[in-house]
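This briefing concerns the structure shown below.

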Amino acid sequence: MPPRSQPTARQERLGAELRRMREAAGRTAREAAALLGTNPIQMSQMESGKAGISEERLHRLAAHYACDDTELLDGLVAMATDRTHGWWDDFRGVLPPSFLDLAELEHHGEFLRIVSVVHIPGLLQTTEYSRAVFSFMVPKLPAQELDPRVEHRARRRSVLEPGQKPYTAVIHESALRIKVADGEVMQRQMIDLLEASERPNIAVRIIPFAVDGFGGANCSMLHVGGPVSQLDTVQRDTAHGSGFVHAAAELARLRKLFDKVEAMALSRDASRDFIRKLIREK
């Protein structure tokens, strides 16, 4: 089978974990390839996500690397054997790969938690709000590019359906007050946000302007929980698009940053009261 020309972020993550396991064991790619009866080129393709790996081969490598973390191995096997064709595949070739990677990441996450400072989080945006956000891009997007972005963002909300995974959104007051659209759109967005906050699996926590010591204007992030903490991922937006973080030291730093920001937020009940107050101000 020829190597994948464009592996997904999930496939690349599996390859990165294979490489980490090998390096932690002090083994070379050539040694690992010999164990599997293949060559270093194919081993490199596995570790870059350009080639898949079977469950049997994964367990052989783990034994060779003296990795006995069964929960981690189970998580890697699930990634290696996953054949999910999700709704996001409808947008392949239509939207940039990062859009699809994000939807797939959210789909497989055990939990989701986000810090958002200047925008309502994507999973909580109304269609009108997200259209206004995407319409602000320069150069202006034509309809054939704008409409799929809006539809994709709306369909991402399926992971928040009742009974689905827990979702915590820590939102700064600035995101509630910045008018990305007209007053009516913003009013409907606030009402929708309030309704979402009342669902048991969704925790909305607001950081008011009045809170002292908030220096996190640039700390927006999405933390997606894996089946084990080693397989967590943090997604951050950059000037060049979305970036996925999974290096152990950086994950630990960003978890602590998230906890610090969340500790400054109002409780769920107080946050709902805060949103109600904003709705009455309109």
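Arg-205 counts as buried because its relative accessible area is 16%, where buried means under 20% relative accessible area, exposed over 50% and partly exposed in between (1.4 Å probe, protein chains only). The model is predicted: local features need pLDDT of at least 70 and side-chain atom pairs count only at pLDDT 80 or more, whereas totals for chains, interfaces and linings use all residues. Residues are numbered from 1 along each chain as its sequence is written, and side-chain values use heavy atoms, with hydrogens and water left out.

**Surroundings of Arg-205**

- Arg-205 belongs to strand β3 (residues 202-207); helices (H or I, at least four residues) and strands (E, at least two) are DSSP runs, numbered from the N terminus.
- The side chains of Arg-205 and Glu-262 form a polar contact at 3.3 Å, a polar contact being a pair of N or O atoms within 3.5 Å; within protein, one must be able to donate a hydrogen and the other to accept it, and residues adjacent in sequence count only if both atoms are side-chain atoms.
- A polar atom of the Arg-205 side chain also lies 2.4 Å from the backbone oxygen of Leu-266.
- Not counting residues up to four places away in sequence, Arg-205 touches Ala-169, Val-170, Ile-171, Glu-262, Ala-265, Leu-266, Ser-267, Arg-268 and Ser-271, contact meaning heavy atoms within 4.5 Å.

**Helix α10**

- Ser-197 lies in α10 (residues 183-197) and, at 0% relative accessibility, counts as buried.
- The contacts of Ser-197, leaving aside its neighbours within four places in sequence, are Ile-202, Val-204, Arg-268 and Arg-272.
- Ile-191 is another residue placed in α10; with a relative accessible area of 34%, Ile-191 is partly exposed.
- Ile-191 and Ile-279 are 88 residues apart in sequence, and their C-alpha atoms are 7.2 Å apart in space.

**Helix α3**

- Met-43, Met-46 and Glu-47 are buried in α3 (residues 40-47). They lie on the same side of α3 because they cover an arc of only 95° around the axis, the arc being that of the directions from the helix axis to the C-beta atoms.
- The buried residues of α3 pack against α1 (9-24), α2 (29-36) and α4 (55-64).
- At the start of α3, a side-chain oxygen of Asn-39 comes to within 3.0 Å of the backbone nitrogen of Ile-41.
- Gly-49, with a positive phi near 85°, follows α3.

**Packing of α6 and α8**

- Helices α6 (residues 97-108) and α8 (residues 143-156) pack at an angle of about 5°, and their axes are 11 Å apart. Axes are lines fitted to C-alpha atoms, for helices over the stretch in contact, and angles run from 0 to 180 degrees between N-to-C directions.
- The two helices α6 and α8 are therefore roughly parallel to each other, a description that applies to angles under 35 degrees.
- Phe-99, Leu-100, Leu-102, Ala-103 and Glu-106 of α6 meet Arg-149, His-152 and Arg-156 of α8.

**Other positions**

- Asp-237 is part of strand β5 (residues 233-238) and counts as exposed, at 63% relative accessibility.
- A distance of 8.0 Å separates the C-alpha atoms of Asp-237 and Ser-220, which are 17 residues apart along the chain.
- Thr-28 occupies the loop between α1 and α2 and is partly exposed, with a relative accessible area of 40%.
- The C-alpha atoms of Thr-28 and Pro-40 are separated by 9.3 Å, the two residues being 12 residues apart along the chain.

Conventions. Angles under 35 degrees count as roughly parallel, over 145 as roughly antiparallel, 65 to 115 as roughly perpendicular and the rest as oblique.
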